[in-house]
Amino acid sequence: MSAHGIARTTEGERAAVRASWAVLMKDYEHAGVQILDKFFKANPAAKPFFTKMKDLHTLEDLASSADARWHVERIIQAVNFAVINIEDREKLSNKFVKLSQDHIEEFHVTDPQYFMILSQTILDEVEKRNGGLSGEGKSGWHKVMTIICKMLKSKY
Ligand code: HEM
């Protein structure tokens with residue numbers, strides 16, 4: 001166990017996570033819009049937190065909105081940062097604990113349960129685009145998403 005209580009990833013897990021993430025990253029703009037669309041459809045109560053997106057209803061609306069694309073790009077970049085730095089827990093903590101604070105104070109996201117739900121939606125898209133994940137891919141991604149969510153929730 002390391003800081004934040006999440007087991008270290010093995011080399012095999014890291015390789016599987018990186019390889020499967022690269023598949024999504026090749027088409028991240030499109031993937032990002034699909035992730036957001038799926039997330040909002042399954043969780044309509046999360047939508048009011050995104051004040052700039054409240055009038056966007058369809059996949060086409062999201063895809064043509066600069067605000068939606070900006071936001072999803074930030075989220076994808078944050079996950080990318082976690083994938084690259086997964087064993088540098090101090091670096092991760094510096095970024096995601098600050099983001100936790102920002103989601104509370106600046107973005108007024110009052111319900112932290114949605115972090116895990118959005119993470120799962122991202123992971124479903126990774127899995128879909130890879131035609132499934134290996135055992136190491138699954139266990140590696142579980143660690144990545146658990147640490148992201150734990151840190152994003154840390155200031156709540
Ligand atoms: C994997 C989970 C998530 C990650 C990694 C993430 C990351 C980020 C990042 C990096 C930003 C931009 C911060 C900046 O540039 O200062 C942001 C903004 C924001 N996030 Fe999240 N976020 C996540 C989940 C959520 C969820 C679940 C919600 C709401 C239910 C949410 C609501 C917002 C809002 C409202 C903003 C501001 C957007 C704007 O100004 O248009 N985030 N997020």
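The following dialogue works through several features of a predicted model.

Colleague: Which residues does UniProt list for "domain: Globin"?

Modeller: The UniProt record, an unreviewed entry, lists residues 8-156 for "domain: Globin". In this predicted model, the chain over residues 8-156 is 71% helix and 0% strand. The end C-alpha atoms of that stretch are 25 Å apart.

Colleague: Where does His103 lie, and is His103 buried or exposed?

Modeller: His103 belongs to helix 5, which covers residues 89-105. Burial is judged from relative accessible area, with buried meaning under 20%. His103 counts as buried because its relative accessibility is 16%. Leaving aside neighbours within four places in sequence, His103 is in contact with His108, Val109, Phe115, Leu152 and Tyr156.

Colleague: Which residues come nearest to the ligand?

Modeller: There are 17 residues around the ligand, and those that come nearest are Phe49, Lys52, His71, His103 and Phe107. A polar side-chain atom of Lys52 is 3.2 Å from an oxygen atom of the ligand. For His71, an N or O atom of the side chain is 3.1 Å from a nitrogen atom of the ligand.

Colleague: Let us turn to the helices. How does one check the span of helix 7?

Modeller: The expected span is 1.5 Å times one less than the number of residues. Helix 7 (residues 135-152) has 18 residues and should therefore span 26 Å; its end C-alpha atoms are 26 Å apart, which agrees. Helix 2 passes the check as well: its 15 residues should span 21 Å, and its end C-alpha atoms are 21 Å apart.

Colleague: Which residues of helix 7 are buried, and against which helices do they pack?

Modeller: An α-helix has 3.6 residues a turn, so residues three or four places apart point the same way. In helix 7 the buried residues include Gly137, Gly140, Trp141, Val144, Ile148 and Leu152. The buried residues of helix 7 pack against helix 1 (11-25), helix 4 (66-84), helix 5 and helix 6 (113-129).

Colleague: What does Ser119 touch?

Modeller: Ser119, placed in helix 6, touches Met145 and Cys149, not counting residues up to four places away in sequence. Both Met145 and Cys149 are among the buried residues of helix 7. Ser119 counts as buried because its relative accessibility is 6%. A polar atom of its side chain lies 2.8 Å from the backbone oxygen of Phe115.

Colleague: Which residues are buried in helix 2?

Modeller: They are Ala31, Gly32, Val33, Ile35, Leu36, Asp37, Phe39 and Phe40. These buried residues pack against helix 1, helix 3 (59-63), helix 4 and helix 6. Asp37 counts as buried because its relative accessible area is 12%. Beyond residues up to four places away in sequence, Asp37 touches Thr58, Leu59 and Leu62.

Colleague: What does Phe39 touch?

Modeller: Not counting residues up to four places away in sequence, Phe39 touches Ala46, Phe50, Tyr114, Ile117, Leu118 and Thr121. Its relative accessibility is 3%, so Phe39 counts as buried. Phe39 and Ile117 are 78 residues apart in sequence, and their C-alpha atoms are 7.8 Å apart in space.

Colleague: Where is Gly5 found, and how far is Gly5 from Ile147?

Modeller: Gly5 is found in the segment before helix 1 and is partly exposed, with a relative accessible area of 40%. Gly5 and Ile147 are 142 residues apart along the chain, and their C-alpha atoms are separated by 8.7 Å. Ile147 is one of the buried residues of helix 7.

Terms used
Residues are numbered from 1 along each chain as its sequence is written. This is a predicted model: local features need pLDDT of at least 70, side-chain atom pairs count only at pLDDT 80 or more; totals for chains, interfaces and linings use all residues. Side-chain values use heavy atoms; hydrogens and water are left out. Helices (H or I, at least four residues) and strands (E, at least two) are DSSP runs, numbered from the N terminus. Buried means under 20% relative accessible area, exposed over 50%, partly exposed in between (1.4 Å probe, protein chains only). Contact means heavy atoms within 4.5 Å. UniProt positions are given in the numbering used here, feature names are shortened, and annotations may be inferred rather than shown by experiment. A residue is near a molecule or strand if one of its heavy atoms lies within 4 Å of it. A polar contact is a pair of N or O atoms within 3.5 Å; within protein, one must be able to donate a hydrogen and the other to accept it, and residues adjacent in sequence count only if both atoms are side-chain atoms.
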